[in-house]
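This briefing is for a reader new to the structure. Please look over the sequence and the model before reading on.

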Amino acid sequence: MSRVSSVVDGPTDLDRVWGKRPEYYALFMSDYNDSLDRADAVLVELCRLRIAQLVESTFDASLRYAPAQAAGLNEEKLAALANYPESELFSARERAVLEYAEQFAIQSSSISDDDVARVQAHLTTEEFIYLTKALGVMDQFSRSNSAFRIEAPEVVPSTLPAFVLQSATN
């Protein structure tokens with residue numbers, strides 16, 4: 001049960017809570033999905049799930065981004081996500097992006113020019129811009145879902161068509 005009272009009818013906690021403002025829900029989810037689609041699927045999923053870990057979003061942790069799975073991201077690597085700096089499963093590119101994502105989520109104002117240069121050594125300017133935009137919506141979504149205590153769904157909300165349940169990936 002979420003922390004939000006007086007929810008609307010819907011198949012998941014997400015729909016019941018965010019559905020209180022259907023126009024905003026539709027607009028936000030469209031932007032969320034478009035932002036993820038523009039960035040590298042594997043990097044997006046690694047960052048999305050790392051942010052979910054950092055802000056303790058049960059909802060976000062319960063889903064998997066299907067395009068990342070199709071690109072070869074597996075549960076073994078995701079299980080090592082909290083230890084990405086030491087894990088041999090992660091490339092230098094993934095480590096740089098995950099470090100940037102952590103800084104973004106923890107305190108974006110502390111990101112230095114050197115931090116940006118480290119991540120841009122692995123991304124084109126366009127990739128960097130799209131990744132940063134995706135981080136913004138992923139961070140907002142995860143933090144909101146954590147604050148509302150949105151529970152893991154039994155079905156994937158229709159507003160997240162590119163996702164599958166985590167249990168369906170095992």
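This is a predicted model: local features need pLDDT of at least 70, side-chain atom pairs count only at pLDDT 80 or more; totals for chains, interfaces and linings use all residues.

Residues are numbered from 1 along each chain as its sequence is written, and side-chain values use heavy atoms, with hydrogens and water left out.

**Helix 7 and helix 9**

- Helix 7 covers residues 92-107 and helix 9 covers residues 125-148; helices are DSSP runs (H or I) of at least four residues, strands are runs (E) of at least two, and both are numbered from the N terminus.
- The two helices pack at an angle of about 50°, and their axes lie 10 Å apart.
- Axes are lines fitted to C-alpha atoms, for helices over the stretch in contact, and angles run from 0 to 180 degrees between N-to-C directions.
- Helix 7 and helix 9 are therefore oblique to each other, the class left over when under 35 degrees is roughly parallel, over 145 roughly antiparallel and 65 to 115 roughly perpendicular.
- Residues in contact (heavy atoms within 4.5 Å) include Tyr 100 and Phe 104 in helix 7, and Leu 131 and Leu 135 in helix 9.
- The residues of this contact divide into nine nonpolar, two polar and four charged; Ala, Val, Leu, Ile, Met, Phe, Trp, Tyr, Cys and Pro count as nonpolar, Asp, Glu, Lys and Arg as charged, and the others, Gly among them, as polar.

**Salt bridges**

- The whole structure holds twelve salt bridges, each a side-chain nitrogen of Lys or Arg within 4 Å of a carboxyl oxygen of Asp or Glu.
- Glu 75 pairs with Arg 64, with the closest N and O atoms 2.6 Å apart; Glu 75 lies in helix 6 and Arg 64 in strand 1, eleven residues apart.
- Arg 64 is buried at 8% relative accessibility, whereas Glu 75 is partly exposed at 21%; buried means under 20% relative accessible area, exposed over 50% and partly exposed in between (1.4 Å probe, protein chains only).
- Glu 94 forms a salt bridge with Lys 77, the closest N and O atoms being 2.7 Å apart.
- Glu 94 is buried at 10% relative accessibility, and Lys 77 is buried at 14%.
- Asp 139 bridges to Arg 143 with 2.9 Å between the closest N and O atoms; being four residues apart in helix 9, the two are separated by about one helical turn.
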